[in-house]
Amino acid sequence: MNVPVIVGGEVRGILGLGRPGDLRWEEREKAVVRAVARGLALAFGRAEQTRRLEAQNAELEARTGALEGFARLTQDLAVRDDPRAFVRRAQELILSLLPPGYALYYEREGDRWRNQVQVGDVGNAELQAPSSTRGRPWGW
């Protein structure tokens, strides 16, 4: 006997049962198999719902961490005189919430843009050096 396992209107699997020699199933036996298939479907549905809720919770925790970090950061703004130190703190905060990477902050100097604050490794020694030591600044 084969019974589909349906989750969210979609067949997720087929529960198959057999018995040697006897090909006929009583209605009571069929009802038991269908009940087990429904139980499996409910368990799968709950497992999916749990995974979705865990993912939502992780996202909410990350957002909460970011908001708390920015709240601390804006408090620091009131006591800091150096805007670039504030930018560095913001970059560090953002990078702490993301996979490994880097953050760059540019300011315009005349008709060129120069990297003024950098956190993390960009993966290139020349680009990693402060812009004041490079031959040409970024120009757009």
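**Figure 1. Overview of the predicted model.** Of the 140 residues in the protein, 21% are buried, where buried means under 20% relative accessible area, exposed means over 50%, and partly exposed covers the range in between (1.4 Å probe, protein chains only). Please keep in mind that this is a predicted model, in which local features need pLDDT of at least 70 and side-chain atom pairs count only at pLDDT 80 or more, while totals for chains, interfaces and linings use all residues. Residues are numbered from 1 along each chain as its sequence is written, and side-chain values use heavy atoms, with hydrogens and water left out. The protein has 3 helices and 4 strands, taken as DSSP runs numbered from the N terminus (helices: H or I, at least four residues; strands: E, at least two). Read from the N terminus, the order of elements is β-β-α-α-β-β-α. Among contacts in the protein with a separation of 6 or more, 36% join residues 24 or more positions apart; a contact here means heavy atoms within 4.5 Å.

Figure 2. Gly18 sits in the loop that links strand S2 (10-16) to helix H1 (27-79). With a relative accessible area of 63%, Gly18 is exposed. Asn2 is 16 residues away from Gly18 along the chain, and their C-alpha atoms are 8.6 Å apart. Next, look for Arg19, which lies over the face of Trp25 at 4.4 Å from the ring centre. The criterion for such a placement is NZ of Lys or CZ of Arg within 6 Å of the ring centre and within 35 degrees of the ring normal.

Figure 3. Ala66 belongs to helix H1. Its relative accessible area is 18%, so Ala66 is buried. Setting aside neighbours within four places in sequence, Ala66 is in contact with Leu93 and Leu97. Ser96 is 30 residues from Ala66 in sequence, with a C-alpha to C-alpha distance of 9.2 Å.

**Figure 4. Helix H2 from end to end.** The buried residues of H2 are Phe86, Val87, Ala90, Gln91, Leu93 and Leu95.

**Figure 5. Asn115 and Gln118 in strand S4.** Asn115 and Gln118 both belong to strand S4, which covers residues 112-119. Asn115 counts as buried because its relative accessibility is 7%, and Gln118 is buried at 16%. A polar contact of 2.4 Å links their side chains; the term stands for a pair of N or O atoms within 3.5 Å, where within protein one must be able to donate a hydrogen and the other to accept it, and residues adjacent in sequence count only if both atoms are side-chain atoms. The Asn115 side chain also reaches the backbone nitrogen of Val117, at 3.4 Å. Not counting residues up to four places away in sequence, Gln118 touches Arg88, Gln91, Ala103, Leu104, Leu127 and Gln128.
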